[in-house]
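Here is a short briefing on one protein chain. Please look over the sequence and the model before reading the points below.

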Amino acid sequence: MMNIEIDQEAGFCFGVTRAIGKAEEELASQGTLYCLGDIVHNGQECQRLQDMGLQTINHEEMSRIENARVLLRAHGEPPSTYHLAEKNNIQIIDATCPVVLHLQKRIKEQYDADTLHQKQIVIFGERGHAEVLGLVGQTEGTAIVIERPEEVETLDFGRDICLYSQTTKSLDGFHQIIDYIQQHISPEARFTYSDTICRQVANQIPHVRKFAAGHDVVLFVCGRKSSNGRILFKECQRVNPHSYLIESADEIDFGWLEGCRSVGISGATSTPRWLMEECRAHIAAQLETSKC
């Protein structure tokens, strides 16, 4: 008999849960609501909220609307978005994750304190990611973004460096960057860093490795736009080569499950619980049908 287990640690993080809760609350009380960008990197969850009246818009579309309500998702936004809202009489429903808000504040304080802007403010993060755009915006676009530890070599080690990290990046990569800078920074320059990685996300990596190792096959459910999902899925694959990325139950290839006794279903911080349960139900139904 096949055992199908859903990863109890997988699913929405606090920030995403809070943002979706705010959206549901606003939709229930006042109907139509705009959201700046996908509220979560999961197509099925976005569709569910769209059916409730949530309308996703981009920055250009926001610049053309007035007297409306716009929800800011957990990733956060740069100061320019708030200025635009004030100009267009837009009511902001701010669902920025508190961890991200705290990080934005620290970066802005560091930038404002350096009145001559001689320090290099460096962000370990994914270029173009919504959270990173919001962080870079705190420095009027001057922060240096490095995506991989190898890129640290491009910094000027003769000048002060202040290092921060996107909240969902890996601790291992962050520490590699710290070690390299400490070894190469000039004695005349100052290096400071702030560990701003969300522990709820970081702790998922050792957990998902253990979970993947405990099953014959792992189905990792997440939207393909999810940065966190890509990281966690790679960890699954490293431990268990029989790991497969799917966005929905319809993508399950039952050939993957032939001869296996244990299937693990996990997901990203952007994966709704109901979607993982739907995948389990789909497998169970197929197994029941095959008995007939």
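This is a predicted model: local features need pLDDT of at least 70, side-chain atom pairs count only at pLDDT 80 or more; totals for chains, interfaces and linings use all residues.

The chain has 292 residues, and 51% of them count as buried. Its secondary structure comes to eleven helices and twelve strands.

**Overall build**

- Along the principal axes, the C-alpha atoms fill a box of roughly 75 × 50 × 25 Å.

- Strand 1 covers residues 3-6, and its side chains alternate.
- Ile4 and Ile6 point to one face and are buried.
- Strand 12, residues 262-267, runs parallel to strand 1, and four bridges join the two.
- Glutamate 5 has glycine 264 of strand 12 as its bridge partner.

- Four strands make an open sheet in the order 7-6-8-9, with parallel pairing.
- Strand 7 (144-146) and strand 9 (191-193) are the edge strands; each has a single partner strand, so one side of each has no neighbour in the sheet.
- On average, neighbouring strands of this sheet are turned by 25° against each other, direction ignored.
- Strand 8 (residues 161-165) pairs with strand 9 in the parallel sense over three bridges. Isoleucine 161 stands opposite phenylalanine 191 in strand 9.
- Helix 7 packs on this sheet and touches strand 6 (120-124), strand 7, strand 8 and strand 9. The direction of helix 7 makes about 170° with that of strand 8.

**Largest pocket**

- The largest pocket has a volume of about 650 Å³.
- Its lining holds 22 residues; Lys169, Ser170, Ile231, Glu235 and Arg238 lie nearest the centre.
- Helix 7 (171-184), helix 9 (204-213) and helix 10 (227-239) are the elements that give two or more residues to this lining.
- Helix 10 gives the most, with six residues.
- The lining of the largest pocket has ten charged, seven nonpolar and five polar residues.

**Second largest pocket**

- The second largest pocket holds about 370 Å³ of space.
- It is lined by 25 residues, and those closest to its centre are Cys13, Val16, His75, Thr168 and Thr269.
- At least two lining residues each come from helix 1 (14-30), helix 5 (98-113), helix 8 (199-202) and helix 10. Helix 1 gives the most, with three residues.
- By class, this lining has 13 polar, eleven nonpolar and one charged residues.

**Cavities**

- The structure holds two cavities of 30 Å³ or more.
- The largest cavity has about 40 Å³ of space.
- Thr168, Lys169, Ser170, Val201, Ala202, Ile205, Asn228, Ile231 and Leu232 line the largest cavity.
- Helix 8 and helix 10 are the elements that give two or more residues to the lining of the largest cavity. Helix 10 has the largest share, three residues.
- The lining of the largest cavity divides into five nonpolar, three polar and one charged residues.
- The second largest cavity has about 30 Å³ of space.
- Asp7, Glu9, Ala10, Gln204, His207, Val208, Leu232, Ser266 and Gly267 line the second largest cavity.
- Helix 9 and strand 12 each supply at least two residues of the lining of the second largest cavity. Helix 9 has the largest share, three residues.
- By class, the lining of the second largest cavity has four polar, three nonpolar and two charged residues.

**Arginine 230**

- Arginine 230 lies in helix 10.
- Its relative accessibility is 35%, so arginine 230 counts as partly exposed; that class lies between the limits of 20% for buried and 50% for exposed.
- Leaving aside residues up to four places away in sequence, arginine 230 touches Glu126, Arg224 and Lys225.
- Arginine 230 and leucine 33 are 197 residues apart along the chain, and their C-alpha atoms are separated by 29 Å.

Terms used:
Residues are numbered from 1 along each chain as its sequence is written. Side-chain values use heavy atoms; hydrogens and water are left out. Buried means under 20% relative accessible area, exposed over 50%, partly exposed in between (1.4 Å probe, protein chains only). Two strands pair if DSSP finds at least two bridges between them. On a 1 Å grid over the protein atoms alone, a cavity is a set of points where a 1.4 Å probe fits but cannot get out, and a pocket is an open set with protein on both sides within 12 Å along at least five of seven lines; lining residues have an atom within 4 Å of a point. Grid points are joined across faces, edges and corners, and a volume is the space filled by probe spheres set on the points. Ala, Val, Leu, Ile, Met, Phe, Trp, Tyr, Cys and Pro count as nonpolar, Asp, Glu, Lys and Arg as charged, and the others, Gly among them, as polar. Axes are lines fitted to C-alpha atoms, for helices over the stretch in contact, and angles run from 0 to 180 degrees between N-to-C directions. Contact means heavy atoms within 4.5 Å.
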